[in-house]
Amino acid sequence: MRWRRLCCVAFLALAPRLEGQDARLTERLALPTAAAVQQLVDSAATAGLPTEPLIDLALEGAAKGATDQRIVAAVDRLWLALRSAAEALGAGASPGEIILGAYGLRQGMSPANLMTLRAGRPGDLTVPLTVALDLAGRGVLPDSATAAIIELAPRGDRDLRRLVQEVDRSLAGGGTPEEAWHSARLRFGP
């Protein structure tokens with residue numbers, strides 16, 4: 001009986017907050033978890049950050065059977081990465097750049113790498129950030145990837161994509177990611 005009363009009190013306390021919640025969250029998450037995630041989503045929206053990745057991550061956690069605490073913690077970490085990426089990329093960064101920057105930070109890039117890319121590569125950073133993520137996913141060190149992207153900036157996005165293909169070819173030949181990276185750089189040329 002006492003448990004039911006506590007649940008009712010908790011629900012009534014959360015009810016005003018649930019009105020503005022994304023229906024996907026309330027359908028797939030426990031109400032307290034949905035409310036906590038929604039607070040992070042609202043905070044991101046207020047800060048001008050993309051919110052969809054936060055919702056997607058929460059829903060992915062629910063689909064994988066993660067605990068409520070893990071879901072909220074993961075969404076919080078992504079919120080922090082989005083904020084750091086937005087700060088590093090500066091005013092005017094597109095939502096796509098912020099999202100890619102956040103995932104770059106989660107893969108080992110530093111805010112300094114993002115600032116260096118922004119300073120060394122004018123214009124849209126969607127392709128350079130995607131290439132940096134691809135290279136990081138293949139084990140290339142973020143500082144090496146950032147330097148190569150800036151070095152190749154004058155040659156265009158096509159050459160950036162070609163660099164990833166060269167790394168793939170080198171990895172297929174065996175060796176460590178860093179060896180494959182150096183081999184690809186030699187074949188790709190300056």
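Axes are lines fitted to C-alpha atoms, for helices over the stretch in contact, and angles run from 0 to 180 degrees between N-to-C directions. Helix 8 contributes Val127, Pro128, Val131, Asp134 and Leu135, which meet Asp157, Leu160, Arg161, Leu163, Val164 and Val167 of helix 10. By class, this contact has eight nonpolar, no polar and three charged residues (Ala, Val, Leu, Ile, Met, Phe, Trp, Tyr, Cys and Pro count as nonpolar, Asp, Glu, Lys and Arg as charged, and the others, Gly among them, as polar).

The model is predicted: local features need pLDDT of at least 70 and side-chain atom pairs count only at pLDDT 80 or more, while totals for chains, interfaces and linings use all residues. Residues are numbered from 1 along each chain as its sequence is written, and side-chain values use heavy atoms, with hydrogens and water left out.

The protein has eleven helices and zero strands. Helices (H or I, at least four residues) and strands (E, at least two) are DSSP runs, numbered from the N terminus. Of the 190 residues, 41% count as buried (under 20% relative accessible area; exposed is over 50%, partly exposed in between, with a 1.4 Å probe and protein chains only).

The largest nonpolar core has 50 residues. Such a core is a set of buried Ala, Val, Leu, Ile, Met, Phe, Trp, Tyr and Cys residues joined through side-chain atoms within 4.5 Å. Helix 5 supplies its largest share, eleven residues. Val37 is among the residues with the most contacts inside the core. Beyond its neighbours within four places in sequence, Val37 is in contact with Leu25, Leu29, Ala58, Ile71, Val72 and Val75 (contact means heavy atoms within 4.5 Å).

Helix 5 (residues 68–89) also packs on helix 6 (residues 95–106), at about 115° and with axes 8 Å apart. That makes helix 5 roughly perpendicular to helix 6. Their contact has twelve nonpolar, two polar and two charged residues.

Gln69 lies in helix 5. Gln69 is exposed, with a relative accessible area of 61%. Gln69 and Ala36 are 33 residues apart in sequence and 9.9 Å apart in space, C-alpha to C-alpha.

Conventions:
Angles under 35 degrees count as roughly parallel, over 145 as roughly antiparallel, 65 to 115 as roughly perpendicular and the rest as oblique.
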